[in-house]
Amino acid sequence: MSAPLKYVDVDPKSRVNKMFTYVLVCMNILSPLFILLNTGSVYFDNQFTISVFFSTILACIVFPLSFVQYLLVFKIKKQNVARYFGVISAMCIIGYLQCYFDYDFSLFLGLICFLSCLYYSVRFSIGAVLISYMVSCISSTWRLFFEFYLDAEVNLKMIFLKNFIITSSEFFLIFVVVFSISIIVSLDRRISDAKTIALKNARLSISAFSLKVMESHDGITNIHALHASKYCELICRGLFNAGLYTDVLTDETINLYAEAAIQHDLGKVHIPSEILHKTEALTPDESELMKTHTIEGRKILEGLPKVKGGEYNDIVSQMAFYHHEMYNGEGYPLGISGKSIPLCARIMCAAENLDSLLNWRMSKTPLTVNEVMDYFENEKGRKFDPEIADVVISLKDKIEALEKVFKEEELEKKASFG
């Protein structure tokens, strides 16, 4: 038994936001650590005396910020807001530490600036440097003021001026490095986006060619492919909105699934058209021949040139080969079950069944939308992934609206050829 192919496409913005979330959450350990050091300072000649009041305030700052960041990234899913909130929060916490400790935290602020380059935005990276510069100036000035304001022999103006010059010099170097990195990363991203557009055009060309091939063979499979593609996209967005597979189902991946869905029945070009058009039940031999369309489809699609490093090829192969596998393991061609069936194929199974049951061209006795919902409820956990089946049922109104659009298109085609 060959292992299912794998494909994961994680949104870079979401990935960096998660990283900043983990950083903020880990900072919650600082307060108890400082309190522990303060408690044990008597054993170290009071070298680690840290104010309990400072540690408490730190906890009151870090916990709410990390909690809000967690909600923005994992629950509310406001990734654009989360990137600003996470970066600024990390800088503010470091600034607060610099207010208390007699150390220069510019290195840590600079590290946050370097990490901001991962968002692929030159403007955002420059903004991060400017904010970190202001945080460093304010926090270091605050610390110096409370350290020396009672000392009459100290010239505060000179100390502040010296601190300003040193901080400005450090952040000028950080600005130069971060600006250079962000420019390089941004250019690389633009090149990548241009390649993505070219690859999308390539995928669309492949889909258009496949539709022509299927149309010339039997005139039914191509219509089914287009309908199934729309249902596939609808289910993907339903899963995302339900909070399922959000790390995989990015906008790019959903579009990729919808485009790849058009190819899922390409192997039927190897099945005689008289079998595809047969109105009565298939004989056992004909049924076995029909099952081979999954294997033949994969063979055809394996011959495609590599698109986007092979991810597109993986997806179309998975959909073509596994879309008749059943969640309980009673499907074909391999009889695998559960989550061992690739996600895209489990979605494709639901999408193609929707059209097969609703489409008068595909079904001898097409069902109503209510009957199809009952079918999905009954087949949940047997034929369909329970999570996907529940999402399909929740999308009843949208499926009904989409089915009406398909019927109107069919009537228009009949009228144009009539």
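1. The crossing of helix 9 and helix 13 is right-handed. Their axes are 9 Å apart and the packing angle is about 50°, which makes helix 9 oblique to helix 13. On the helix 9 side, the contact is formed by Leu-256, Tyr-257, Glu-259, Ala-260 and Ala-261. On the helix 13 side, Tyr-312, Ile-315, Val-316 and Met-319 take part. By class, these residues comprise eight nonpolar, no polar and one charged.

2. The model under discussion is predicted. It contains 17 helices and zero strands. Of the 418 residues in the protein, 44% are buried. When contacts between residues at least 6 apart in sequence are considered, 70% of them join residues at least 24 apart.

3. Helix 13 covers residues 311–322. The relative accessible area of Met-319 is 0%, so the residue is buried. Leaving out residues up to four places away in sequence, Met-319 touches Cys-232, Tyr-257, Ala-260, Ala-261, His-264, Cys-344 and Met-348. Of these, Cys-344 is 25 residues from Met-319 along the chain, and the two C-alpha atoms are separated by 6.3 Å.

4. Helix 9 also packs against helix 8. Helix 8 spans residues 221–241 and helix 9 spans residues 251–261; their axes come within 7 Å and cross at roughly 155°. The two helices are therefore roughly antiparallel to each other, the cut-off for that label being an angle over 145 degrees. Helix 8 passes helix 9 in a right-handed crossing. Helix 8 contributes Ala-225, Ser-229, Cys-232, Glu-233, Cys-236 and Arg-237 to the contact. Helix 9 contributes Asp-251, Ile-254, Asn-255, Tyr-257, Ala-258, Glu-259 and Ala-261. The residues of this contact divide into seven nonpolar, two polar and four charged.

5. Helix 2 (residues 30–39) and helix 3 (residues 52–75) form another pair, with axes that come within 8 Å and cross at roughly 170°. Helix 2 and helix 3 are therefore roughly antiparallel to each other. From helix 2, Leu-30, Ser-31, Phe-34, Ile-35 and Asn-38 meet Val-52, Phe-54, Ser-55, Leu-58 and Ala-59 of helix 3. The contact is made up of seven nonpolar, three polar and no charged residues.

6. Asn-353 is located in helix 14, residues 343–358. Its relative accessibility is 7%, so Asn-353 counts as buried. Apart from neighbours within four places in sequence, Asn-353 is in contact with Tyr-375, Phe-376, Lys-383 and Phe-384.

7. Glu-377 belongs to helix 15, residues 369–379. With 39% relative accessibility, Glu-377 counts as partly exposed. Its C-alpha atom is 7.6 Å from that of Ile-393, which is 16 residues away in sequence.

8. A cis peptide bond, with omega about 10°, joins Tyr-332 and Pro-333. Pro-333 sits in the loop between helix 13 and helix 14.

9. Two tyrosines have positive phi values. Tyr-120, which is not a glycine, has a phi of about 65°. Tyr-120 is in the loop between helix 5 (106–116) and helix 6 (122–148), and at 30% relative accessibility it counts as partly exposed. Tyr-245, also not a glycine, has a positive phi of about 55°. Tyr-245 lies in the loop between helix 8 and helix 9, the pair described as roughly antiparallel in point 4.

Key
Residues numbered from 1 in each chain as written. Predicted model: local features only at pLDDT ≥ 70, side-chain atom pairs only at ≥ 80, totals over all residues. Heavy atoms only, no water. Helix = DSSP H or I, 4+ residues; strand = E, 2+ residues; numbered from the N terminus. Buried < 20%, exposed > 50% of the residue type's maximum accessible area, 1.4 Å probe, protein only. Contact = heavy atoms within 4.5 Å. Axes fitted to C-alpha atoms, helices over the stretch in contact; angles between N-to-C directions. Parallel < 35°, antiparallel > 145°, perpendicular 65-115°, else oblique. Left-handed = near helix turned anticlockwise from the far one by under 90°. Nonpolar A, V, L, I, M, F, W, Y, C, P; charged D, E, K, R; others polar.
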